Amino acid sequence: MAATEYIVRTKEVRKEFKMGTETMKALNGVSVDVKRGEYISIMGPSGSGKSTLFNAIGGLDKPDSGSVFINDVDMAQLDANELAFLRCHTIGYIFQTFNLITVMTALENVRLPTIFAGMSAEEGELRAMKLLDVVGLGHRYNHKPSELSGGQQQRVAIARSLANNPSLILADEPTGNLDSKTGAEIIDLLRRLNKEEGVTVISATHDYKMLDVSDRIIWIRDGVVEKIELRADLSIQLGGMQTPAGAH
Amino acid sequence: MPEGNGAASAPAEKPVHGKIFMPFRVVVTIALNGLKIRFWRSMVTASGIFLSIAFFSYVLTNLMLAPNMTMDERHRQTFLAMISVVVAGVGITNSMLMSVTERFREIGTMKCLGAPDSFVVKLFFVEAAFMGLVSSTAGFALGLAAALVLLAVGAPGVEFSLPRIFTVLVWSVSVGVFITFGAAYFPAQQAAKMPAASALRTDI
């Protein structure tokens with residue numbers, strides 16, 4: 001079977017949250033298509049619905065209406081076990097708060113998904129070491145998350161997300177808890193993985209440095225897609241504060 | 001297709017239906033590892049079980065072995081034993097609920113890595129079973145020792161019947177494991193059924 005062109009499609013996804021007596025419409029009919037191998041950034045202010053969209057795509061939460069298709073499979077049709085299988089094999093997750101298991105070493109953390117995939121202990125460890133080398137942390141395989149810096153923890157998280165050879169990586173504010181230099185390294189790593197390994201990357205983010213490496217940028221505001229831009233059409237200026245000429 | 005260094009070779013389309021592997025041995029390893037790392041935390045919960053079962057075992061040993069107890073005294077002792085079990089149950093439930101709650105994020109993460117719901121339930125049950133078993137046995141020993149010492153001192157000529165002591169052992173361990181399981185049941189189910197997003201949204 002040929003691989004589908006679109007790895008993710010969402011159709012009119014809606015989600016509401018009830019807060020006390022009020023209802024908040026987090027997503028108000030979002031339809032996006034992501035091609036295999038793309039690097040997509042979902043951008044928007046806090047409360048725009050980008051995390052909700054992210055959760056819907058990643059199968060972390062069910063939308064109230066609309067559909068999400070991963071590899072042309074409707075997520076709503078999957079039962080809990082099939083969903084777990086999908087998360088295990090097809091999707092890799094990266095979070096703002098890293099979410100490493102604190103009682104396990106880096107190696108054990110990266111190896112964990114391979115256990116759920118049925119890999120033997122030796123195979124799993126080999127793969128975990130290899131992935132840690134890819135992210136540049138082979139020498140720290142024995143350290144627990146508390147012994148690693150934020151950037152290093154995120155690298156371990158990235159290695160973990162690749163454990164079962166996923167087609168799709170979902171990154172929720174991956175640089176949110178990192179300083180700008182470390183953040184830039186992480187973005188660079190993700191870009192490398194996207195270009196060299198062909199893994200589709202979808203990232204929900206505030207970080208403007210992410211814009212530079214994306215193929216397309218989806219801007220979300222108030223639960224709807226405001227616009228979708230190609231990187232080529234953007235002109236990005238990053239810098240400090242700009243004072244108008246003549247002022248001091 | 002881009003040629004990489006093999007870290008994630010050209011991902012083709014993957015099937016949706018398949019099995020998640022969760023050999024029980026692995027669940028046990030992760031559970032015991034977790035208990036070992038959270039040793040002191042587990043000790044607090046365990047000592048709750050330990051002390052309550054110790055008291056329970058003490059009372060039961062008395063009931064079984066003490067000669068010439070009045071009916072009144074028997075009733076009082078039985079009542080005490082039952083109360084101690086209830087108190088133990090409440091304390092252990094609280095500890096278990098706290099333990100599950102502080103691990104919500106960990107559970108949510110595991111689900112993202114592909115852990116099925118059954119894994120989460122099994123994990124907590126193995127922990128509960130192990131803790132219940134070890135603590136109850138230790139508690140039984142303490143209660144028994146206390147009762148025997150006091151009986152030997154206060155009522156010489158007491159018959160140390162092994163079958164009866166064995167009955168106390170069986171009762172103590174059963175009660176201990178039963179309440180520990182019962183205490184873990186509801187929180188574990190709750191954790192297992194939570195959608196991964198809510199588990200991760202927890203601000204703990």
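Reader: How many helices and strands does chain A have?
Author: This is a predicted model. In it, chain A has seven helices and 11 strands.

Reader: What is the radius of gyration of chain A, and what does the globule rule give?
Author: The radius of gyration is 19 Å, close to the 18 Å that the globule rule gives for 248 residues, so chain A is as compact as a globular protein of that length. Along the principal axes, its C-alpha atoms fill a box of roughly 60 × 55 × 45 Å.

Reader: What pLDDT does chain A average?
Author: The average is 86, and 93% of the residues score at least 70.

Reader: Where is the pLDDT below 50?
Author: Over residues 240-248 of chain A. Beyond near neighbours in sequence, that stretch has zero contacts in the model. Where pLDDT is low, the predicted coordinates should not be read in detail.

Reader: New topic, chain B. At what angle do helix α2 and helix α5 of chain B pack?
Author: Helix α2 (residues 39-65) of chain B and helix α5 (residues 117-154) of chain B pack at about 40°, and their axes are 6 Å apart. The two are therefore oblique to each other.

Reader: Is the crossing left-handed or right-handed?
Author: α2(B) passes α5(B) in a right-handed crossing.

Terms used
Residues are numbered from 1 along each chain as its sequence is written. Chains are lettered from A and ligands numbered from 1 in the order in which they are written. This is a predicted model: local features need pLDDT of at least 70, side-chain atom pairs count only at pLDDT 80 or more; totals for chains, interfaces and linings use all residues. pLDDT is the predictor's confidence in each residue, from 0 to 100. Two residues are in contact if their C-beta atoms, placed from the backbone, lie within 7 Å. Axes are lines fitted to C-alpha atoms, for helices over the stretch in contact, and angles run from 0 to 180 degrees between N-to-C directions. Helices (H or I, at least four residues) and strands (E, at least two) are DSSP runs, numbered from the N terminus. Angles under 35 degrees count as roughly parallel, over 145 as roughly antiparallel, 65 to 115 as roughly perpendicular and the rest as oblique. A crossing is left-handed if the near helix is turned anticlockwise from the far one by less than a right angle, and right-handed if clockwise. The radius of gyration is taken over C-alpha atoms; the globule rule is 2.2 Å times the number of residues to the power 0.38.
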